[in-house]
Amino acid sequence: MSVVPALAPSSTPSPNHLAILASAQMYSSNLKGFILAVVSSAFIGSSFIIKKKGLKRAGVSGPRASVGGYGYLLEPLWWIGMITMVVGEIANFVAYIYAPAGLVTPLGALSIIVSAVLAHFLLKEKLQKMGMLGCLLCIVGSTVIVLHSPKERSLSSVEEIWELAIQPAFLLYTASVVAVTLVLILYCSPRYGQTNILIYVGICSIIGSLTVMSVKAIGIAIKLTLEGTNQLKYFQTWIFGMVAVTCIITQLNYLNMALDTFNTALVSPIYYAMFTSFTIFASAIMFKDYSGQSVTSIASELCGFITVLSGTAILHSTREPDPPLITDLYTPLSPKVSWYIQSNGEWKQKDEDGSTPNFITILRPDYFK
C-alpha cells in the first residue's frame with residue numbers, strides 16, 4: 001500500500017489575507033491616533049483657560065502680554081497652563097505618528113468644547129443654549145470625520161519625507177506661508193493687532209500648518225529610530241526639528257497675545273477653524289492624504305468639517321465678548337480730534353497735532369448726555 005505524502009501548507013499568504021492584515025493594522029493605528037487626539041484635546045482645551053487666568057493675574061501687576069509684557073513668565077498659574085498644554089501637545093505629537101493629519105487635526109474641535117465649558121464655570125464667560133448646540137455640532141462633525149478619515153501613507157525613512165517636502169507644490173506653499181506671515185508680523189500686527197482678531201490668530205494658524213508637517217516628520221523619524229532604523233544620522237531630521245522649534249515659539253508668542261487681547265470664546269473657535277483648514281491643505285499637498293480616496297469619502301469628510309465649522313461659528317456668535325478696555329473717562333472718541341473747554345466756557349475742537357491753550361480739562365462730548 002503506497003503512502004501519499006501530505007502536501008505542506010503553503011507558507012505564502014494569499015492576497016486577501018494580506019489585505020485583511022493591512023486593513024487591521026491601519027484600523028489599529030488610526031484608533032491609537034484617535035484616542036491620543038481626544039486626550040490631547042482635553043489637555044489643550046483646559047490649558048486655554050488656565051493660561052487665560054494666569055495672564056489676567058499677571059496683567060494686574062504689570063504690562064499685559066498684548067502690549068509686549070512678559071510678566072506672565074513669573075506667574076505660577078500660567079506655567080501650570082503651559083505644562084498642561086505641553087502634555088496635550090505631546091499626545092497630539094504622538095497621534096500624528098499613528099494617524100493622518102486629516103484625522104488628528106479636525107479632532108481639535110473637542111478642545112473648543114472643553115474650553116467653552118470650563119470658561120463658563122471658571123472665567124464666567126457665559127455659554128448659552130445655542131452654544132451647547134454648537135458643541136453638539138462639533139461632536140457630530142468630528143464623528144463623521146473619524147468614520148471617513150483617509151488612510152495613513154506608509155513611510156520608511158526621513159529621506160522619503162524630505163522628498164515629499166521639496167516637491168515644487170509644497171515649496172510654493174511654504175514660500176507663500178513665510179511671505180504672508182512676515183507681512184502679518186511686520187506690517188499688520190503693529191497697526192491692527194489690538195483690534196482685529198484675525199491678525200494674531202492668523203499668524204498662529206498659518207505657521208501652525210508648517211509646525212504639523214515638521215512634527216509629523218520628526219515623529220515618524222523617532223518611531224523608525226526606536227524600531228531599529230536610525231534616522232538621527234540624516235541632516236533632514238535636524239532641519240525638520242529646527243523648523244518645528246521656530247514655528248512653535250512663534251505660535252506660542254502670538255497665541256498668548258491673542259488670548260490676552262480677545263475673549264477666549266472667540267480665540268478658540270477661530271484658531272481651530274483656520275489652523276485646521278491650513279493644516280489639512282498643507283497635508284494634502286505634502287503627504288497626498290486623499291490620494292486614492294473615493295469621492296464619497298472625501299465628500300463625507302468635507303461635510304463633517306463644515307459641520308464642525310458651523311458648530312464653532314455658533315459658539316463664536318453666542319458668547320459674550322470681553323468688555324473694551326477703557327483706561328479713563330477722558331479718552332477722546334477719535335484719535336485725531338478731542339474736545340476742550342476754554343476759560344470763557346466755549347467748546348472748542350483740538351486737532352491731534354494742535355495745542356490745547358488755556359484749557360481747564362479734556363472731556364468727551366457725550367460725557368454729560
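Predicted model: local features only at pLDDT ≥ 70, side-chain atom pairs only at ≥ 80, totals over all residues.

Reader: What makes Lys-52 count as buried?

Author: Its relative accessibility is 4%, and the limit is under 20%, so Lys-52 is buried. Lys-52 sits in helix α1, residues 15–61 (a helix is a DSSP run of H or I with at least four residues, numbered from the N terminus).

Reader: And what is Leu-252 called, buried, partly exposed or exposed?

Author: Partly exposed, because its relative accessible area of 23% lies between 20% and 50%. Leu-252 belongs to helix α9. Its C-alpha atom is separated by 9.7 Å from that of Met-82, 170 residues apart along the chain.

Reader: Why are the buried residues of α6 said to line one face of the helix?

Author: Those residues are Val-158, Ile-161, Trp-162, Leu-164 and Ala-165. Seen down the axis of α6, they fall within an arc of 155°, so they line one face; the arc is that of the directions from the helix axis to the C-beta atoms.

Reader: Which residues touch the most other members of the largest nonpolar core?

Author: Ile-161, Phe-170, Phe-240, Val-267 and Met-286, out of 62 residues. Helix α8 gives the most to this core, with 17 residues. A nonpolar core is a set of buried Ala, Val, Leu, Ile, Met, Phe, Trp, Tyr and Cys residues joined through side-chain atoms within 4.5 Å.

Reader: How big is the largest pocket, in volume?

Author: About 680 Å³, a volume being the space filled by probe spheres set on grid points, which are joined across faces, edges and corners. Among the 31 lining residues, Ile-44, Glu-89, Asn-92, Tyr-271 and Phe-275 are the closest to its centre. On a 1 Å grid over the protein atoms alone, a pocket is an open set of points where a 1.4 Å probe fits, with protein on both sides within 12 Å along at least five of seven lines; lining residues have an atom within 4 Å of a point. Helix α2 gives the most to this lining, with eight residues.

Key. Residues numbered from 1 in each chain as written. Heavy atoms only, no water. Helix = DSSP H or I, 4+ residues; strand = E, 2+ residues; numbered from the N terminus. Buried < 20%, exposed > 50% of the residue type's maximum accessible area, 1.4 Å probe, protein only.
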